[in-house]
Amino acid sequence: MAAAVPLRLLGALHDRVLSGEDPALSAAYPRPGQTADAQIAWREAARAIVEREAQLAAFMQHEPQTNEVRRSACLLGGFLTIAQETGLPLRCFEIAASAGLNLSWDKYSYSLGDAAWGPESPVQLPTDWSGPLPPLNAEIAVIERGACDRRPVDLTDPVQRRRLLAYVWPDQFERLDRLRAAVDLALAMGTTVETADAVAWTERTAGPSPGAATVIYHSVFWQYMPA
């Protein structure tokens, strides 16, 4: 369970569906406007496990890795507050960044209850919000970006892009569309993630710089750090 084997298997099966290489399995999975039959899907999955054991096992050798772009909705308030309180442009450095999709947080459009923030964007992040809003009128200027991960996802590789999609539940069509839009935006921006250990990379890359607020951030990573 510690290795998340069930999740790896579900991701491997969804990867087969997304590849289009197993039409019977793909036909049994959810699609927009079509409700899947779980019994049929499991029957086809059981067949695929036997017929494609090597491919599924190869996929499962890599630990699950996601890049949930909606985490930027949680990070936004921090960036806005830092910009308001310092009055400085931001240098943004993300550790354990996966594919680096949350490096483009200021390029997304947010709905925070009845409020909104961000430019017109193909990536829409609707968010339930209660309580005080962050300072939405803060002036934001990102002058530097960087990111690292021990095993980054190379978005220029279609197989690695598909792996990201495979770890989204197959009936979450809106989430899949949002991820695809974020990937397209990251590719257009030329986003890259360095292969590096977070501690060494931060020490080497993300030191303070005069005239800017240096922000080191993450999403769902802190619990993996040693003391």
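Is D106 buried or exposed? D106 is buried, because its relative accessible area is 12%, and buried means under 20% relative accessible area, exposed over 50% and partly exposed in between (1.4 Å probe, protein chains only). The model is a predicted one, in which local features need pLDDT of at least 70, side-chain atom pairs count only at pLDDT 80 or more, and totals for chains, interfaces and linings use all residues. Residues are numbered from 1 along each chain as its sequence is written, and side-chain values use heavy atoms, with hydrogens and water left out.

**The chain as a whole**

- The secondary structure comes to eight helices and seven strands; helices (H or I, at least four residues) and strands (E, at least two) are DSSP runs, numbered from the N terminus.
- The C-alpha trace spans about 60 × 40 × 30 Å along its principal axes.
- The chain has 227 residues, and 43% of them count as buried.

**Salt bridges**

- Side chains of opposite charge can pair when their charged atoms come close.
- A salt bridge is a side-chain nitrogen of Lys or Arg within 4 Å of a carboxyl oxygen of Asp or Glu, and a search of the whole structure finds 13 of them.
- D106 has a salt bridge with R145, with 2.7 Å from N to O.
- This pair links distant parts of the chain, 39 residues apart: D106 is in the loop between β1 (90–94) and β2 (109–112), while R145 is in strand β5.
- R145 counts as partly exposed, because its relative accessibility is 29%.
- Another salt bridge joins the side chains of D22 and R47 (2.9 Å, N to O).
- D22 lies in the loop between α1 and α2 (23–28) and R47 in helix α3, so this pair ties together parts that are 25 residues apart in sequence.
- D22 counts as buried at 6% relative accessibility, whereas R47 is partly exposed, with a relative accessible area of 24%.
- In helix α7, E174 and R178 lie four residues apart, about one turn of the helix, and their side chains meet in a salt bridge (3.0 Å, N to O).
- E174 counts as exposed at 54% relative accessibility, while R178 counts as buried at 7%.
- Salt bridges that share partners also join D22, R43, E44, R47 and E51 into one network.

**Pockets**

- Rolling a probe the size of a water molecule over the atoms shows where empty space is left.
- On a 1 Å grid over the protein atoms alone, a pocket is an open set of points where a 1.4 Å probe fits, with protein on both sides within 12 Å along at least five of seven lines; lining residues have an atom within 4 Å of a point.
- Grid points are joined across faces, edges and corners, and a volume is the space filled by probe spheres set on the points.
- The largest pocket holds about 850 Å³ of space.
- It is lined by 28 residues, and E63, P64, V220, F221 and Y224 are the closest to its centre.
- Elements that each supply at least two residues of this lining are α1 (5–19), β5 (142–149) and α8 (198–205).
- By class, the lining of the largest pocket has 16 nonpolar, five polar and seven charged residues; Ala, Val, Leu, Ile, Met, Phe, Trp, Tyr, Cys and Pro count as nonpolar, Asp, Glu, Lys and Arg as charged, and the others, Gly among them, as polar.
- The second largest pocket holds about 350 Å³ of space.
- Among the 20 residues lining the second largest pocket, L10, Y29, P30, A41 and P170 lie nearest its centre.
- Two or more residues of that lining come from each of α1 and α3 (38–51), and α1 gives the most, with five residues.
- The lining of the second largest pocket has 16 nonpolar, two polar and two charged residues.

**Around α7**

- W169 is found in the loop between α6 (158–166) and α7 (173–189), and W169 counts as partly exposed at 41% relative accessibility.
- R180 lies in helix α7 and is partly exposed, with a relative accessible area of 36%.
- R180 and L165 are 15 residues apart in sequence and 8.0 Å apart in space, C-alpha to C-alpha.
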